[in-house]
Every structure is written in C-alpha cells, then in structure tokens.
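Please look over the sequence and the model shown here before reading the briefing that goes with them.

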Amino acid sequence: MVRTACGLDCPDACGIVSNRSIFPKVLADKRHPTSNGALCSLINHHIHTQDRIVKPMVDGEEVSMEEALDAVANALNVDKKLLWRGSGNFGVMQEVTNLLFKAIGGVTTKGTLCDGSGDAGILAGRGVNRILPPSQIAESEVIVVWGKNVTVTASHLMPYIEGKRLIVIDPIKTEIAKRADIFLQIKPRMDFYLAILLARFIIMQNHEDRDYLEEWGSDYEDFYDFTREFRIKPILEHIGVDLNILGDIVELIRDRRVVFLVGNGVQKYSIGNFVLHAIDSLATLLGLFGREGSGVAFIGNSKLGIKNPFNIDIKKVQKATTNFGDFETVLIQGGNPAESMPSSNRVREELSKVKNLIYFGLYKNETSKMANIIIPAKNFFEKNDIRFSYSSYIVSPMRKIIDSEVGISEYDFTKYLMEKFNFTNLKDENYYIDYFLNQCREANNHFLSPAYQEFPYKDGFGEDGGDEFEFIDDFYDDFEKIKKFQRITKRRIEEPNSGYFLITPKAKNALNTQFKRDNKIYLNPKAGFIDGEEILATSLYGEHKFTVKNSDIVREDSTLIYANCIGVNHLTPPIISEEGDSACYQEVKIVLKKL
C-alpha cells in the first residue's frame, strides 16, 4: 500500500491510500486528519475521465517529448518571456519552474485569482494569516458559516459541525443553510455592513470581552466610533435584514465558543479586504482569537514559517489582469487563463497576440487549443511531491503510485531546459522535497508545519506575537453609492450599473475549469424565465448565452453561475482588488435578455 495525498486545489488536502496493483482505485486514508474516511467524486471518478493530453504537439503536429522541449527552449530564447501558473493541482514542486525563469531572465506573476483580497484584510488586522486547526472547530459551540458553501468546498469539515448551533450568512440558500438555526440570506456585497452592524450592537449591549480587549485590542472604543459612522436604518433597509434577526445572532454568538468559517465568496470584490478585516474586528470584540473552540477560519497561509527555495526576486506582472500580448513567449503552466481569468474576451485577444504560446498541463481546454506548443504533464499519482494545506497544518508527502509513459514532471521539465541553457545549479529533486519536509516536525505519524499553533494568536498578533489587533478604521467602495449609509462620505462614489448581482461559487463536480462543466444560469423563479430556455447575459465586459435553471435558492436580485461554467468569465471584470492584488469576479451586475 502507498500513502499519498490529493493534489486537487481544495482545502481538505485529503490523505489517500492505494494498492498499485488495483490503481486507479484509491481509498481515503482513515488515519489522515481531514479525510474522515471518504474521498470526493472528483478523485473517485472525474479525474480519470477528463480529456487528458497524452502527446506533445508543435504547431499541430505530434512530436517526441525531446523535440517538443527543444521547441520550448527555442521559444524561450527571446527577450520577453512570461511564466503564468494556474492552480488546478497543488504541489510544491510545481514551483520549480520559477528557478528556470530566474535563470533565463523571465517574468512571472504576482497576486491571485482566488483569495488575495481577503488575505490582505486579515494581515491588516492580525499581522499574519495563521490557520485555525480543525480541532478547534470541533471544540466550538456555535459555527457561523459566512459565504462558504461547506458541503461543496470543504465537505470534510461536516463532522466538526454536527451538533453545533449554526448560523449561515449567504446570498445563496446552500445545503448547509437549510440546516441552520439562523439563515440570513444577505444581499450580495453587504457583508462588510453586516459585520459592522453586529460589532456596533455588541458594544451597545455591553457584550464585548473587555478583559481580552484590554490586553489584545485596546483601541476597540475607536473602532466603536468608526461603526457609528454607518447609519443603521438605511443599511438594514438596503440589505433587507430585520433588526430582530441581528439581535438573535448577537444573542447566539455572545459568551460562547464561536468559530467563523469564512468563504471566498465574501471577498470576490474590490472591497474584499475590508470585509475580512471587519469580520476579524467583530471576532476580536468577542475575544475569539487564541482561545479553545474559537476563531476565524479563512484560507490560511499554508507556507507560513517555511523557507521556500523556489521564491525568486524577478520582475512580476499582475496575474488577474495579465497583458499577455506584451510578451513574445508565454508559458502557461497548469492553468486555463482563456476561460478562468476574468474578462475572457480580453484574455483571448491578448493570448492571440503571443508569438510562442506554450501550454504545459494535464487536460485539453480553451487555452491548450490556442497554444502552438503543448507539453503533457504528469498528474500527482505519477510523481513525487509535497502537499501543503490552506485549512490545516498537516504537510503530506505525495508519493508516486504508478509509473506512466505520459507526460513529464515539472522538475524534469525544468532540468531539461536548464541544461539546454547551460545552467547547472539545479539540485536533485529529492533535495528539494527533503528541504521542505526537514522544516516540519513529526507528530502522530504526520508532518506538521513549523507554523502550527494549537491556539493561533494565543500570545497576541503579529508575526512574532505580542502585538495587539488593529481594528478596521477606513472604508470606501466605488461600486455602491454609500453616502446614504455613512454620516461622512469619504470620496465621490459612482452608481453601479443596473441588473442582477453575479454570484460565482464553486461547483460540486468541477474544480476551476476542470472536470464536469455546463452552461447553466440559476435564477429565482420570480425573474420570469422558463426552465431550459436560452438567454443572453450581458455585462460591461462581454456577453454569453446560458440555459436557465430556476431555483428558489437564489435571491430575486441575483444570478448564480458556477465558477466552472462555460462562458461565465465573458461577464466578469478585468480589475484588481483595492488590496491584495486579487481578481474581483463578483464585482459586476449583469442584464438578462430572452432570445
């Protein structure tokens, strides 16, 4: 039996066991803390049925791997070259290509398509983004699921939630919302205001933890003054929330062990940093950091405390808004920017300008179809690697299960090209794997990150502890006209375009643009469209046809199009968040038209 770990881009990072003789059948590693004895359908089924790339191609012709790699070397022998890496699969060895681009004087990317905005908000308050161990979720009394579709994006957290008092805050009535003691179907983009109002009510009713605040949040009275800049009645009317429900929430979260499970959905906007900072400020008032069964769990910094040999100091461009046309050669590694980046029309136009477009990945997709050089990669069953998790401190070796004639690993790809360019400083693959593992400590037959803390922030905030929490004290929003919500207007605000709010959660049977995809748009039945009819959705950035699926889980002012849906990113904006260099997929309204 071989023990390994799942390399798909989700927070669970499940442990896997397999007998090589019966592969592709794999089982959950029951000893692994996050697997809980089960694996998802992506691993059990979809990963083996996806249309995989098996042959290297150059200008539409099948060639040997050596010929294809030589073509890559020729294409990289130019002045302007870019490495753009996706995250459909995880593993630290994927980053080894950074060393190649440093050696040849290339450019890489900064920022993220995912969580950068929320991470920036966390850093503003806590100073460092530590992971809340699942063991603390298990010890909580109340769980607040805020913009997180737990049954889809973190299904292995479900056992930790069972038997707890449950509050769900989400514009979509998710499966977990149907189990909630309180479900608040909030208007999209209003999470910041909700957090601010809850914080204000907690202080007004003397429910703040003053002993905790004297030690770790002594500026809380200034924060209270900040919350008073926002007018209660107009906000409640705008977001459609009854004052009594907020009172019920306050009663349920005060003087208890509470965990906030916060999802990406709340920060897919230009203001995402403010949202996470406000939620953290609310949690600090309640004294939830550094205590058993309490805290805020977002996407944590999985490599916190790790010395990474693949970190490089070279020129970088924004990942979410890359101008591909500025480069002669672009290497796309493990991603599908033609479909996964915001504003697909702009992205495809930019990619079409690239003289040498190289695709290095597993599956056929919209980007691979545009590439003139295609290099098939090995999947995580076919190579050795290491998996960090952004929801736990477990570091899992990814051990090769099978040998495959298909594809090439990131390390071997880099090694071949480094030698081609006469660079000899690349170390052995095992050196890098051991370099990461040797920084971890072993406990209960698992490796633990050096950043592991049983009670994160127990000794204060900041990278070294000892600092106080920095409460949020500023806010601005170019999308909403917020003057009616504030006693003081910070700056001139423009009205948003009319239409429906766009919500883009992850789908159950897909991951990014991999696996099972469709073109459905989910609407509230009161929108007046018919199941199965084709409609045209239009935004300021593009348009696309979708097939209607009516569902009462969607608010009347919103649409739901899953993030993997074909064409969804024709509608999304090519903008960067206020902080965190992150894509803002939901910073848009769309107009719908019957065909």
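Helix H4 is followed by Gly127, whose phi is positive, near 85°; helices here are DSSP runs of H or I with at least four residues, strands are runs of E with at least two, and both are numbered from the N terminus. This is a predicted model, in which local features need pLDDT of at least 70 and side-chain atom pairs count only at pLDDT 80 or more, while totals for chains, interfaces and linings use all residues. Residues are numbered from 1 along each chain as its sequence is written, and side-chain values use heavy atoms, with hydrogens and water left out.

**Helix H4 and its cover**

- Helix H4 spans residues 116-126 and is mostly covered, since eight of its eleven residues are buried, where buried means under 20% relative accessible area, exposed means over 50%, and partly exposed lies in between (1.4 Å probe, protein chains only).
- Among the buried residues of H4 are Gly116, Ser117, Ile122 and Arg126, and the cover over the buried residues includes helix H13 (272-285) and strand S12 (295-297).

- Most residues other than glycine have a negative phi.
- Asp255 has a positive phi near 55°, and its place is in the loop between helix H12 (243-253) and strand S11 (258-262).
- With a relative accessible area of 64%, Asp255 is exposed.
- Asn422, which is not a glycine either, has a positive phi of about 65°, and it is found in the loop between helix H16 (410-420) and helix H17 (429-437).
- Asn422 counts as exposed, at 66% relative accessibility.

- Leu560 lies in strand S27 (residues 558-560), and it counts as buried because its relative accessibility is 1%.
- Leaving aside neighbours within four places in sequence, Leu560 is in contact (heavy atoms within 4.5 Å) with residues including Ile172, Ile503, Tyr522 and Val554.
- Thr367 is found in the loop between strand S15 (356-361) and strand S16 (373-376), and it is buried, with a relative accessible area of 1%.
- The C-alpha atoms of Thr367 and Ala338 are separated by 5.2 Å, although the two residues are 29 apart along the chain.
- Not counting residues up to four places away in sequence, Thr367 touches Ala338, and also Ile332, Gly335, Asn336, Pro337, Leu357 and Tyr359.

**The chain as a whole**

- The secondary structure of the protein chain comes to 17 helices and 28 strands.
- The C-alpha atoms fill a box of roughly 70 × 60 × 45 Å, taken along the principal axes.
- Buried residues make up 61% of the 595 residues.
- Among contacts between residues at least 6 apart in sequence, 75% join residues at least 24 apart.

**Confidence in the model**

- The protein chain averages a pLDDT of 91, and 95% of the residues score at least 70; pLDDT is the predictor's confidence in each residue, from 0 to 100.
- Over residues 482-496 pLDDT stays under 50, and for these residues the model has 44 contacts beyond four places in sequence.
- Where pLDDT is low, the predicted coordinates should not be read in detail.
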